[in-house]
Amino acid sequence: MTDLKTTRRLSAIVMADIVGYSRLMNEDEIGTLKVIKNIQSELINPLVNLHAGRVVKTMGDGFLIEFASVIEATQCSIEIQKSIIKRDVKSKGKAKISLRIGIHMGDILETESDIFGDGVNIAARLESQSLPGGVCISSTVHDQINGKIDYKFKEFGKLNLKNIKNPVMVYMLDNNT
């Protein structure tokens, strides 16, 4: 067995997931794949780059994205959601794609090509709590962005997230802002 080189650091982690991916693929595999790849290349990748983030990996229907700044992670996530909604309005008959996004700031364990740890796991669990087209954040993120961005988040309450030891205070994007 080879030595595994890892580093630890604090990061803002974004998990994004396509709503209804299995259904969309069942209805039209090629069309759905084309739409997802276009959204990734035309919207997600440019916005992540603009906000100094990096797409760590894609997982079929999801994206693991990392940022050094929680403010950049949150602004980027909101811009991705707004861009997808705007795109869908213009798409007329093409597959409608909606994302759920979760954001957490936490300690990660990094290898050469991937990131791991509770920070990633909590972001993934928050993503599953998000509404389609929404952004769900932990209190750690909320504490850092509150009053620093033009968007507001509503307190959703403390949730017991699957396989996470302690409950996490959760906030949801207020779409009225």
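**Exercise 1. Where is Ala 52 found, in terms of the elements around it?**

Before we start: this is a predicted model, in which local features need pLDDT of at least 70 and side-chain atom pairs count only at pLDDT 80 or more, while totals for chains, interfaces and linings use all residues. Residues are numbered from 1 along each chain as its sequence is written, and side-chain values use heavy atoms, with hydrogens and water left out.

*Solution.* 
- Step 1: Ala 52 sits in the loop between H2 and strand E2 (53-58). Helices (H or I, at least four residues) and strands (E, at least two) are DSSP runs, numbered from the N terminus.
- Step 2: check the backbone. Ala 52 has a positive phi of about 60 degrees, although it is not a glycine.
- Step 3: check the surroundings. Ala 52 counts as exposed, with 60% relative accessibility. Here buried means under 20% relative accessible area, exposed means over 50%, and partly exposed is in between (1.4 Å probe, protein chains only).
- Step 4: Asn 163 is in the loop between strand E7 (153-159) and E8, and at 68% relative accessibility it counts as exposed.

**Exercise 2. Work out which residues touch the most other members of the largest nonpolar core, and which elements build that core.**

*Solution.* 
- Step 1: A nonpolar core is a set of buried Ala, Val, Leu, Ile, Met, Phe, Trp, Tyr and Cys residues joined through side-chain atoms within 4.5 Å. Nonpolar side chains tend to be buried together in soluble globular proteins.
- Step 2: the largest core holds 35 residues, and Ile 80 and Phe 153 touch the most other members.
- Step 3: the elements giving two or more residues to this core include strand E1 (7-18), helix H2 (29-50), strand E3 (62-67), helix H3 (70-91) and strand E4 (99-110). H2 gives the largest share, seven residues.
- Step 4: zoom in on Phe 153. Leaving aside neighbours within four places in sequence, its contacts (heavy atoms within 4.5 Å) include Ile 78, Val 135, Ile 137, Ile 145 and Tyr 171.

**Exercise 3. Trace the pairing around E4 and E6, then say how covered these strands are.**

*Solution.* 
- Step 1: two strands pair if DSSP finds at least two bridges between them. E1 and E4 are antiparallel over 12 bridges, with His 104 in E4 as the bridge partner of Ile 13.
- Step 2: E4 and E6 run in the parallel sense over three bridges. Ile 101 stands opposite Val 135 in E6, and Ile 103 opposite Ile 137.
- Step 3: carry on to E8. E6 and E8 pair in the antiparallel sense over three bridges, with Ser 138 opposite Val 170.
- Step 4: E4 also pairs with strand E5 (residues 115-116), antiparallel over two bridges, and the two form a hairpin with four residues between them. Phe 116 in E5 is the bridge partner of Leu 109.
- Step 5: look at burial. Of the 12 residues in E4, 10 are buried. Side chains in a regular strand alternate between the two faces of the sheet. Both faces of E6 are covered, with Val 135 and Ile 137 buried on one side and Cys 136 and Ser 138 buried on the other.

**Exercise 4. Follow the salt bridges of Arg 54.**

*Solution.* 
- Step 1: a salt bridge is a side-chain nitrogen of Lys or Arg within 4 Å of a carboxyl oxygen of Asp or Glu. By this rule there are nine.
- Step 2: Arg 54 meets Glu 66 in a salt bridge (2.8 Å, N to O). Glu 66 lies in strand E3 and Arg 54 in strand E2, so the pair ties together parts 12 residues apart in sequence.
- Step 3: Arg 54 forms a salt bridge with Glu 110 too, with the closest N and O atoms 2.8 Å apart. This pair links E2 to E4, 56 residues apart.
- Step 4: Arg 54 is partly exposed at 30%, while Glu 66 is buried at 5% and Glu 110 is buried at 17%.
- Step 5: Arg 9, Arg 54, Glu 66 and Glu 110 are linked in a network of salt bridges.
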